[in-house]
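Subject: Structure handover

Hello,

Here is the structure I promised to pass on. Please have a look at it first; my notes follow below.

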Amino acid sequence: MAGKVKWVTDIEKSVLVNNFEKRGWSQTSTDEDWNFYWMSVQTIRNVFSIENGYRLNDDQIVNHFPNHYELTRKDLMVKNIKRYRRELEREASPLVEKDENGKYVHLDFIPVTFMLPGDYNLFVEEFRKNPTSTWIMKPCGKAQGKGIFLINKLSQIKKWSRDSRTTTFISPAGKEAYVISLYIDNPLLIGGKKFDLRLYVLVTSYRPLKCYMYRLGFCRFCTMKYTPSTSELDNMFVHLTNVSVQKHGGDYNPIHGGKWSVSNLRLYLESTQGKDVTDKLFDDIHWIVVHSLKAVAPVMINDRHCFECYGYDIIIDDKLKPWLIEVNASPSLSSTTANDRILKYNLINDTLNIVVPNGEMPDCKWSRCPPKEALGHYELLYDEELAQNEGVECEGKPRMGPSLNKGNRLKDTRKPFSTWK
């Protein structure tokens, strides 16, 4: 069996196993020699833990970076993006230009967010500037909509977690840290319903940064029509798009699973908003992806044995502005519909074709420059090395290189930006 890739996984999903078997790879166990390990985020901690001391060989590859949580934990993602902005400000980069209200013109893509309990006083100060606002609270380390709730009064957060003998917020016993974000209460609606986008992004290297966008993402719709009414703040079927939440609703449709393909969304937007507006929206989404990755690149452990397929969650507001909500390290590989199963099978197939080309033995020393025909439904979104080699200033908007005009605004030069494609 010399030369045959040996695989192991602790996520027993058919879309994974079928792809491994299709390639003629052989299954093994963690106690034996293996070449390819598709593992859970819990397992990756053990593999790279200091106590474990495990060292990967050149012919071994895994599907997570050691500290992937710098992007996929809600609090760390926000912290890293804020740090990224501050560093660009120190460099006097045009990317951190602000408008007359003090908001970032180009890097305003996460809602106003605070960490609790640490930022409680800052949050209160912000809340009092706009006491009619709605905020969403999420536990930092949970997924699938667990532990999320909305508030629009300070008393609600005090009731949740306040020591009555003091004037400061404390984290209650047994409860983890939360992030609290300004709720996007003007989402773009289709059929009166709120939705978000799940997009897949493959990162094969952080330094230099190299990432691919998967074209076959999808939209997840709520089962109930959206209303900003404060009487519906507790109704998660109105506010949370997570399938794990919506599938318990009485109006959930198991045939289509409340999902639309991204291509259907694009067609809908082109017909209702126009092609130029739609193209700008998707360029803005690509911009968000690249700069969120750039924000974590300096702190990410860039182990050459690793790659990552992230699940990006984006919400579009009624002004067609996209917002980054969170990034998932282990996007669900469960299939709720037939289309789901096909999409996720193709996602894994195309991912493997890039990170283990031709199904051959993994080699972490390989430069990871697959030919274009091997990309499948992926497209190269950003290649830092290519940009540097071409001497291109890499801070440009997706597909368009920026230039500065006299008004000090980034403008579209209509010149193709080679490193985005």
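A search of the whole structure turned up zero disulfides. Bear in mind that this is a predicted model. A disulfide would need two cysteine sulfur atoms within 2.5 Å. For C306, the closest cysteine sulfur belongs to C364 and lies 9.5 Å away, so the two are too far apart for a bond. C306 is also buried, because its relative accessibility is 0%. C222 counts as buried too, with a relative accessibility of 2%.

Next, a helix pair. Helix α4 covers residues 74-90. Helix α10 covers residues 275-296. The two pack with their axes 8 Å apart, at an angle of about 90°. That angle falls between 65 and 115 degrees, so α4 and α10 are roughly perpendicular to each other.

Which residues make the contact? On α4 they are N80, I81, R83 and Y84. On α10 they are H291, K294, A295 and V296. Sorted by class, the contact of α4 with α10 has four nonpolar residues, two polar and two charged.

Now the chain overall. The chain has 421 residues, and 53% of them count as buried. It holds 12 helices and 18 strands. Take the contacts between residues at least 6 apart in sequence: 68% of these join residues at least 24 apart.

Best wishes

Definitions and conventions:
Residues are numbered from 1 along each chain as its sequence is written. This is a predicted model: local features need pLDDT of at least 70, side-chain atom pairs count only at pLDDT 80 or more; totals for chains, interfaces and linings use all residues. Side-chain values use heavy atoms; hydrogens and water are left out. Helices (H or I, at least four residues) and strands (E, at least two) are DSSP runs, numbered from the N terminus. Buried means under 20% relative accessible area, exposed over 50%, partly exposed in between (1.4 Å probe, protein chains only). Contact means heavy atoms within 4.5 Å. Axes are lines fitted to C-alpha atoms, for helices over the stretch in contact, and angles run from 0 to 180 degrees between N-to-C directions. Angles under 35 degrees count as roughly parallel, over 145 as roughly antiparallel, 65 to 115 as roughly perpendicular and the rest as oblique. Ala, Val, Leu, Ile, Met, Phe, Trp, Tyr, Cys and Pro count as nonpolar, Asp, Glu, Lys and Arg as charged, and the others, Gly among them, as polar.
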